Amino acid sequence: MFSSSENERYVSGAMRTLDFDYFLPPELIAQMPATKRDQSRLLVLNRTSEEIFHGAFPDLLENLFPGDVLVLNDSRVIPARLRGMSESGGKFEALLLTENHTNDWWAMLRPGKRRQVGTKINILAADGTHSGISAIVKEINREGHRRVHFAGTPNIFLELERFGEIPLPPYVERNELLQSDRERYQTVYASRACGPGSIAAPTAGLHFTNELLEKIKRRGVEICYVTLHVGLGTFAPVKAEALNEHVMHEEYFEITSATAKAINEAKEKKRRVIGVGTTSLRVLESVAAENSGWLIATKNKTKIFIHPPYRFQIVDALLTNFHLPRSTLLMLASAFASPGETRGREIILSAYQTAIEKRYRFFSYGDAMLIV
């Protein structure tokens with residue numbers, strides 16, 4: 001397993017979580033995706049000159065060059081949110097987090113305090129009737145997550161398409177989900193091949209259309225895929241006051257021999273590797289950290305926590321969205337803005353202020369940022 005303690009390349013420091021705070025007007029939190037995927041806006045930040053350029057997402061093409069390698073995370077978002085009712089009639093929501101075995105999952109329950117060990121919950125169908133599936137709380141961990149065992153189905157994972165909901169983040173404040181969310185909170189290249197999947201979208205990839213990907217290929221850019229199943233490690237809030245006290249949750253990832261070979265060859269020939277999203281970057285840097293800067297085919301879990309001052313070994317440019325205050329994603333972007341230094345925080349927060357002034361849309365369904 002790859003852990004935050006692996007990083008001798010971190011320079012020890014006492015950066016605070018509070019250092020990564022900023023004020024965002026609530027109306028800039030995107031509640032709906034752009035009308036079409038690639039109609040979002042694109043802010044380009046040159047991390048050397050600190051110049052900022054504004055455009056539309058298809059302008060990404062003008063920032064890609066023949067020989068570049070574009071790395072996408074092909075994990076698929078699963079309908080991981082279930083609704084149910086306890087034997088006493090209390091309603092609840094469950095977000096499935098991690099599959100231990102078939103019908104055995106760790107989950108976040110809301111409200112959680114009433115869901116003690118032994119509580120039985122009837123899972124509801126889309127029309128609010130009992131689905132015939134039930135769950136029993138078997139264990140509670142230190143974080144308050146519940147281990148639940150499902151009955152009434154050979155495999156609850158296979159029932160999620162019928163009874164589950166796409167787990168939009170809580171800052172998307174709508175009375176109900178739209179049918180289109182199942183499509184739009186999913187990349188066009190998401191794969192079902194690599195295990196259960198993600199409980200949140202790798203959002204930097206949401207802007208791509210198949211047509212744009214074809215144009216990128218025709219430009220002479222090589223497209224490669226990694227898989228990281230997005231879990232709590234990506235979006236859990238940082239509660240520690242100092243960054244060096246925060247511990248990430250594990251997330252499963254895969255990198256194939258073909259992808260490792262393509263990226264290693266690109267690095268040998270001084271060609272750029274562009275990570276699409278913080279999740280793709282975390283896969284590449286996790287593997288490189290364990291293999292003297294090289295990539296090999298790997299299936300493992302990572303809890304790597306990238307924050308200033310971090311020195312990157314693989315990724316030369318990063319495409320990402322605009323992230324929540326005090327989040328590990330914002331900290332990663334800050335590290336990338338000035339590798340090996342702490343001033344990337346100021347660079348990113350200044351760029352965010354510009355984005356706010358220009359009325360960019362923030363978070364999962366929002367606009368994109370390219371750091372070169």
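Mentor: Buried means under 20% relative accessible area, exposed over 50%, and partly exposed in between (1.4 Å probe, protein chains only). This is a predicted model, in which local features need pLDDT of at least 70 and side-chain atom pairs count only at pLDDT 80 or more, while totals for chains, interfaces and linings use all residues. Residues are numbered from 1 along each chain as its sequence is written, and side-chain values use heavy atoms, with hydrogens and water left out.

Trainee: Why is glutamate 165 called partly exposed?

Mentor: Its relative accessibility is 21%, and the range for this term lies between 20% and 50%, so glutamate 165 counts as partly exposed.

Trainee: What makes the contact of arginine 83 with glutamate 165 a salt bridge?

Mentor: A salt bridge requires a side-chain nitrogen of Lys or Arg within 4 Å of a carboxyl oxygen of Asp or Glu. Here the closest N and O atoms are 2.7 Å apart, so the pair meets the rule. Helices (H or I, at least four residues) and strands (E, at least two) are DSSP runs, numbered from the N terminus.

Trainee: How do you know that strands E4 and E5 pair?

Mentor: Two strands pair if DSSP finds at least two bridges between them. E4 and E5 have 5 bridges, in the antiparallel sense, so they qualify. Arginine 83 has glutamate 93 in E5 as its bridge partner.
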